[in-house]
Amino acid sequence: MCGIVGILGHEPVAGQLVDALKRLEYRGYDSAGVATLEAGALTRRRAEGKLRNLEGRLRDAPLSGTIGIGHTRWATHGKPSESNAHPHATDRIAVVHNGIIENFRELREQLEKSGAKFASETDTEVVAHLVTDEMKKGKNPVDAVAAALPRLRGAFALAFLFAGEEDLLIGARKGSPLAVGHGDGEMFLGSDAIALAPFTDTISYLEDGDWAVVTRKGVQVRDATGKIVERAVLKSNASAFLVDKGNHRHFMAKEIHEQPEVVGHTLAHYLDMAAERVSLPMTLPFDFKKIERVAISACGTAYYAGLVAKYWFERFARLPVEIDVASEFRYREAPFSPGNLALFVSQSGETADTLATLRYAKEQKQHVLSVVNVPTSTIARESDVVMPTLAGPEIGVASTKAFTCQLATLLCLTIAAGRARGVLSTEDERNLVRAMIEVPRHISEALRLEPQIEALSRDLVKAKDVLYLGRGTAYPLALEGALKLKEISYIHAEGYAAGELKHGPIALIDENMPVVVVAPFDKSARREGVFEKTVSNMQEVAARGGKIILITDPHGAKEAAALSLSTLVLPDVATTVTPIVYAIPVQLMAYHTAVNMGTDVDQPRNLAKSVTVE
Ligand code: G6P
């Protein structure tokens with residue numbers, strides 16, 4: 001995940017920028033750079049690889065500017081190299097960026113037509129040229145940024161430095177985090193409070209869509225509509241802990257909100273976004289063509305990620321998948337024919353049942369691939385190959401960001417499998433990858449439903465039981481929604497395949513029973529009438545007085561909102577990626593219900609983050 005820092009200081013800032021970047025090293029990176037103003041002119045030093053390479057450059061050719069921006073880059077568009085490293089610059093402006101600019105291709109074409117010369121393969125460089133273009137039309141830096149920001153599509157954070165402007169930095173956030181640090185006659189920008197901890201513990205966090213004009217005197221924040229807004233100035237304890245809650249009340253809330261960024265980071269690891277294809281950075285020690293069957297096992301939330309993957313593997317890689325919770329799998333004595341694939345999914349990489357199943361699969365001569373969030377964990381160490389989820393440390397016991405990163409990783413693996421098996425065309429792969437590139441933005445959009453979800457959670461606290469329904473890949477989401485709710489609010493909840501409603505749970509439905517229906521309008525399954533069948537199930541619930549909360553998209557809302565008490569309308573996204581985007585409202589619903597109940601959200605009773613006993 002890229003790291004951003006900006007300093008308006010009194011002394012030369014290059015050294016401080018590098019110090020702050022060192023504190024962002026934990027996010028992972030492959031190149032780094034800084035830019036400052038030397039007698040008003042933009043000057044950069046950049047280097048591929050570790051920060052010591054950048055320090056070497058600065059030793060050979062020091063920078064003396066007292067204002068500057070710095071960056072650690074995790075490659076998305078374009079390989080790790082000095083020319084792709086940030087800051088990207090024109091003669092007027094330098095910019096550092098975290099996230100994805102989805103429409104960079106069309107912007108680059110337009111800018112090239114009007115004479116802009118590009119020096120890198122990155123999506124970021126279009127931002128530099130776009131703002132420069134506005135400035136050439138006579139706009140001042142603030143107006144130029146204001147004009148450029150609405151033209152950028154994606155989830156991102158940016159920091160700008162301008163030639164000749166010794167007292168101005170501009171920061172902007174849409175999806176990816178950005179914090180403003182307040183010092184004594186000095187001001188700072190950073191991806192998180194951790195980067196700024198050596199300089200200040202006084203922080204204001206930008207909200208989604210905000211952009212900030214920072215001078216040594218202070219900060220003026222505007223929201224996405226351009227209105228000047230106040231953002232609280234808080235004391236951070238980031239200097240004491242590497243992981244802090246930012247401006248969130250709970251780690252779980254922070255982790256839910258980190259998802260645009262960490263999912264983007266995970267996708268960047270497995271996709272070549274510029275080529276619009278999957279590009280796994282590791283060599284798989286088996287040939288998918290020779291795999292006849294995949295066995296997935298995991299526990300809890302990770303198991304539901306595996307269940308979604310079953311649908312994907314069967315559909316896009318035409319591979320039969322068997323899946324079970326790890327505690328059952330290992331005692332079932334399931335027959336394995338040697339040389340097939342056993343796939344394990346785990347946030348901690350330490351879950352005892354998952355580990356025991358992994359060892360059993362190894363004895364059965366399976367190829368062992370694991371999707372884990374902790375790369376140094378036992379499961380990672382004992383696997384033949386590891387696909388890390390790059391969610392960062394997950395502290396809240398109820399898993400959120402690890403789940404969506406697991407899904408992102410598993411979809412990339414599925415596509416690689418489909419391609420290797422010759423069952424997924426280049427065009428289908430491209431369409432899937434395009435849909436995935438848009439996911440971080442769609443997650444940001446889904447997060448905007450939070451006030452509506454918070455309001456409806458005030459009713460949910462009164463429920464004794466809640467039913468979650470879904471079909472297809474929305475079925476595992478229904479299971480995950482129910483699990484999240486019971487884990488942290490202690491309200492009994494069940495997830496069911498919508499088609500099974502008639503075979504039991506319908507008996508429970510009365511006017512006290514909220515029923516959460518997860519139902520994206522699945523265009524691809526339209527001909528089988530999948531959505532219509534879910535609508536029939538909703539009718540069965542409504543006829544018995546059940547209170548429906550429908551989670552859908554604009555098409556689905558048009559067809560079925562009349563049956564529901566509340567409808568959460570998510571953006572219209574490609575059907576395949578709906579499980580990643582639809583995870584957000586079910587997480588938020590559980591979170592706000594628990595907050596309203598007054599439970600210990602981050603450490604719910606009786607539960608453990610890492611279950612190392614059987
Ligand atoms: C515990 C946690 C869950 C998690 C499950 C599996 O129950 O509370 O959030 O999904 O373990 O953990 P793992 O680390 O293997 O993903």
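The model is predicted, so local features need pLDDT of at least 70 and side-chain atom pairs count only at pLDDT 80 or more, while totals for chains, interfaces and linings use all residues. Residues are numbered from 1 along each chain as its sequence is written, and side-chain values use heavy atoms, leaving out hydrogens and water.

Let's start with the ligand. There are 14 residues around it, and T301, S346, Q347, S348 and T351 come nearest; "near" asks for a heavy atom within 4 Å. Domain 2 (244-437) and domain 3 (446-614) each supply at least three residues of this shell, with domain bounds taken from an automatic or database assignment.

What holds polar contacts with the ligand, meaning pairs of N or O atoms within 3.5 Å? A polar backbone atom of Q347 is 2.6 Å from a ligand oxygen. For S348, an N or O atom in the side chain is 2.6 Å from an oxygen of the ligand. Taken alone, the ligand exposes 380 Å², and the protein buries 91% of that, by the Shrake-Rupley method with a 1.4 Å probe.

Now the backbone. Most residues other than glycine have a negative phi, and most peptide bonds are trans. Here, though, H86 and P87 are joined by a cis peptide bond, with omega about -5°. And A39, which is not glycine, has a positive phi, near 50°.

How values were computed:
A polar contact is a pair of N or O atoms within 3.5 Å; within protein, one must be able to donate a hydrogen and the other to accept it, and residues adjacent in sequence count only if both atoms are side-chain atoms.
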